[in-house]
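Me: I am new to this structure and would like to learn how to read its features one at a time. Could we go through them slowly, with the general idea before each case?

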Amino acid sequence: MGLSALHAVLLIVLATVACHAHIFQLTIEEGDRQVIHVQSFGFRGAPSSNCTITVKDFQYLVRGDSLNHWVPSKELPDKPIGFALEGRDTVNSARLEENVRYPEGQCFVYWKRDDRLSLVLPSKHRVLDPVVEHELNPEALAKGPQKFDLSKYVKPGFLSLFFYNCNDNSKTRYTFTIEVVEYNLDDDGRINYLSLGKALLPLMYGCYGVVYTLFFLGFLYLMVKHRTRVHKIHYLMALLVFLKFVSLYLEAAHLYVIQIFGHGRLYADVPYYTTLSLKGMLLFFVILLVGTGWSFIKPFLTENEKKIVLVVVPLVMIDSIAIVVEDTINEGQAAWSTWRDIRRILDVIACCAVLLPVVWSIRN
């Protein structure tokens, strides 16, 4: 079971490693969501920031001969459809836009924002504002990609990129591929692909790794000094601290690679996600064993405790896979929110399960 879960994690990382980045591509086929949160990024502002968007294979679809058959529309859409780059306070507030249900006749883009930049397809009831809007040309898109450089318009702050469709999503669909390149320039002119708020994370994780390394060495020293009072559970605790500081170093390397290249690389991502998964599984296992009193109170597990272990370990394995998937696929994919919800549910179930042995120990 453990090896199978580990193999699954490695396969997911190998398949999606390039998606967790600020040079990324998102493809939507026959989408029906009114609003899609594509990505959020912290910019320093022009001229120290870059935001380049390339749109290709964009098609506005209407219902064909059958119920589930969609064909490219020969007419302009009735209402606006396109992309918007605008400010948000947090990434969570940007994600919530996907859940907003606007009243009839209202739409995401109808709410005016001073900092909004739009890439919009011409529509019957929309007049383009040349100051803040750039036109997606259907004829040009039919021949090839259309590239937009919004760098000179970017203001300092946390900006989120959305796709919106103000038309009736029961009668229309859309298909497109979008490529986005976002980065800031450091004071010395070097390109930094990490969002402004994350620029110092590689250094911070490296420092935390040093702290946990000292904790690990101190723990080993105490185990050697008091070896007569060391139990088996202490070896597992030491291994957990070891995996903790190793995962911090690997996360620092993982973010540093993204900072330099704009996307992950296999040599940095595979060790990081593998160690992260092992650490998560071992953490729940150690908490479970400590709750049962194994090793330092009793040398065995009861039948009920063994059943809890058999439930918790697979849950944590699936949770580790969900973490990798959530972290590696683009937020614009519909599957991203599904995996996020799965992870949250599994976290709650696993946390409740590991508390059961503690309750049983108190009662007994």
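This is a predicted model: local features need pLDDT of at least 70, side-chain atom pairs count only at pLDDT 80 or more; totals for chains, interfaces and linings use all residues.

Me: At what angle do the axes of helix 5 and helix 6 cross?

Reply: Two packed helices are described by the angle between their axes and the distance between the axes. Here the axes are lines fitted to C-alpha atoms, for helices over the stretch in contact, with angles from 0 to 180 degrees between N-to-C directions; helices (H or I, at least four residues) and strands (E, at least two) are DSSP runs, numbered from the N terminus. The axes of helix 5 (residues 232-261) and helix 6 (residues 266-292) cross at roughly 150 degrees and come within 8 Å. Helix 5 is therefore roughly antiparallel to helix 6, where angles under 35 degrees count as roughly parallel, over 145 as roughly antiparallel, 65 to 115 as roughly perpendicular and the rest as oblique.

Me: Which residue types make up the contact of helix 5 with helix 6?

Reply: The residues of this contact divide into 23 nonpolar, three polar and four charged, with Ala, Val, Leu, Ile, Met, Phe, Trp, Tyr, Cys and Pro counted as nonpolar, Asp, Glu, Lys and Arg as charged, and the others, Gly among them, as polar.

Me: Which cysteines does a disulfide join?

Reply: A disulfide is a covalent bond between the sulfur atoms of two cysteines. The rule used here asks for a pair of cysteine sulfur atoms within 2.5 Å, and by this rule the count comes to one disulfide. Cys107 is joined to Cys166, with an S to S distance of 1.8 Å, and the link is left-handed, with -75 degrees about the S-S bond. The pair links distant parts of the chain, 59 residues apart, since Cys107 is in the loop between helix 2 (91-95) and strand 6 (117-121) and Cys166 in the loop between strand 9 (157-165) and strand 10 (172-185).

Me: Is Cys107 buried or exposed?

Reply: Cys107 is buried, with a relative accessible area of 5%, and Cys166 is buried at 7%; buried means under 20% relative accessible area, exposed over 50%, and partly exposed in between (1.4 Å probe, protein chains only). Cys351 is in no disulfide, and the nearest cysteine sulfur, that of Cys352, is 7.0 Å away. Cys351 counts as partly exposed at 38% relative accessibility.

Me: Where is the place of Asn330?

Reply: Asn330 is in the loop between helix 7 (303-328) and helix 8 (334-363), and at 5% relative accessibility Asn330 counts as buried. A polar atom of the Asn330 side chain lies 2.8 Å from the backbone nitrogen of Gly332.

Me: Which peptide bond is cis, with omega near 5 degrees?

Reply: Most residues other than glycine have a negative phi, and most peptide bonds are trans. The bond from Ala46 to Pro47 is cis, and Pro47 is in the loop between strand 2 (35-43) and strand 3 (49-63). As for phi, Glu30 in strand 1 (residues 23-31) has a positive value near 50 degrees, and Asp57, which lies in strand 3, has a positive phi of about 55 degrees although it is not a glycine.

Key:
Residues are numbered from 1 along each chain as its sequence is written. Side-chain values use heavy atoms; hydrogens and water are left out. A polar contact is a pair of N or O atoms within 3.5 Å; within protein, one must be able to donate a hydrogen and the other to accept it, and residues adjacent in sequence count only if both atoms are side-chain atoms.
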